[in-house]
Amino acid sequence: MIPFLDLKLINDSYSEEINCAIKQVLESGWYIMGNQCSLFEQEFAKYCGTKHAIGVASGLDALIIILEAYKELGVFELGDEVIVPANTYIASILSISKAGLVPVLIEPDIDTYNINPLLIESKITSKTKAIMAVHLYGQVAQMDVIEKIAQKHNLKVIEDSAQAHGAVYSGKRTGNLGDASGFSFYPGKNLGALGDGGAITINDGKLAEVIRAYRNYGSHQKYINKYLGLNSRLDEIQAAILRVKLKHLDEDNQKRREIAQYYCENIKNPEIVLPVTRHSSLITEKDHVFHLFVIRCKERNKLQQYLLDNGIQTVIHYPIPPHKQEAYKQWNDLSYLITEQIHKECLSLPISAVLADDDVKYVVSILNSYNEK
């Protein structure tokens, strides 16, 4: 069986460095808000090209805290609207709701799966305060167009970079393409911890000051609480592990691009829709880091079973769109046709920095022999 993602094998490749990093933390006797977190924040900020990186407990918390910090600064108010792609993972939308703001769903581009910027302006109202640009599956959204719209309407741009660690767009990395960005370090991410973790990257010093307090019970100084904050901190062990893996991120992303390039050039089945990217050379261009390699097929479930029968594990990202979830039952009667098509047809193939070349070739051969009839 070719696993969809072999996390043990991925982490085995760094095992000596990881064991050493964990030992350092254990011997330090300091496990929360210590030296490892501080060093990771400095290194991740430098990597992203931002002035600040702030470790938090998860990617969802990262987005919530950004929105709450803007509320504390008076930039957003309860009930303000945030534009967000309709087909994103539900966490993007949950963050908006949890912050007491209103998600406004926008259909994606059927080719790239990212928010369709041509549809944004028609949804802007007097209550709109931000656009949440999600770099879904690892491909950067059309940030130049989104930024122009945001500037025209005086909106903040918040990046959901949870799936796009290290992607580059117009010479800048994700995390440095908007006003603020949230990252997830869930174990399966391109930069993954051995548990939950997240970070916020920003250039605004005043916003950074609020966020640093907000993640720590709303406190800059112990027992003195300025905000109704959260307990959302990146612990020392996860920070130490992330410091190890950050050094290898560009190399790992490049391996993902090479696999994606091989898939795109060699999967020749008219019943399978391949991902569309902005560049023909995925290896030299870096605005897609292929957190996921997502294909589409009208008989998706049949294809998934066929691949499983042939020893290939796949995953559906995501089977139910956010507006059809019980959590958002007020939206259940709404129709987002492109989003619903994507969620009905999409299937994620195995891809990672440790996927063997022979396994990649086998996946291609099995896909090319698939016939819906």
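In helix H8, the residues Glu236, Gln238, Ala239, Ala240, Ile241, Leu242, Val244, Lys245 and Leu246 are buried, where buried means under 20% relative accessible area, exposed means over 50% and partly exposed lies in between, with a 1.4 Å probe and protein chains only. The model is predicted, so local features need pLDDT of at least 70 and side-chain atom pairs count only at pLDDT 80 or more, while totals for chains, interfaces and linings use all residues. Residues are numbered from 1 along each chain as its sequence is written, and side-chain values use heavy atoms, with hydrogens and water left out.

Because nine of the eleven residues of helix H8 (residues 236-246) are buried, this helix is largely enclosed by the rest of the structure. Helices (H or I, at least four residues) and strands (E, at least two) are DSSP runs, numbered from the N terminus. The cover over the buried residues of H8 includes helix H1 (7-12), helix H2 (15-28), helix H3 (35-48) and helix H9 (249-266).

Lysine 152, which belongs to helix H6 (residues 143-153), is exposed, with a relative accessible area of 61%. Its side chain is joined to that of glutamate 121 by a polar contact of 3.1 Å, that is, a pair of N or O atoms within 3.5 Å of which, within protein, one must be able to donate a hydrogen and the other to accept it, and residues adjacent in sequence count only if both atoms are side-chain atoms. Between lysine 152 and alanine 239 there are 87 residues in sequence and 38 Å in space, C-alpha to C-alpha.

The table turns to spaces inside the model.

| Space | Volume |
|---|---|
| Largest pocket | about 590 Å³ |
| Largest cavity | about 110 Å³ |
| Second largest cavity | about 60 Å³ |

On a 1 Å grid over the protein atoms alone, a cavity is a set of points where a 1.4 Å probe fits but cannot get out, whereas a pocket is an open set with protein on both sides within 12 Å along at least five of seven lines, and lining residues have an atom within 4 Å of a point. Grid points are joined across faces, edges and corners, and a volume is the space filled by probe spheres set on the points. The largest pocket is lined by 28 residues, with Tyr89, Gln163, Tyr186, Lys189 and Tyr318 nearest its centre.

Conventions:
Contact means heavy atoms within 4.5 Å.
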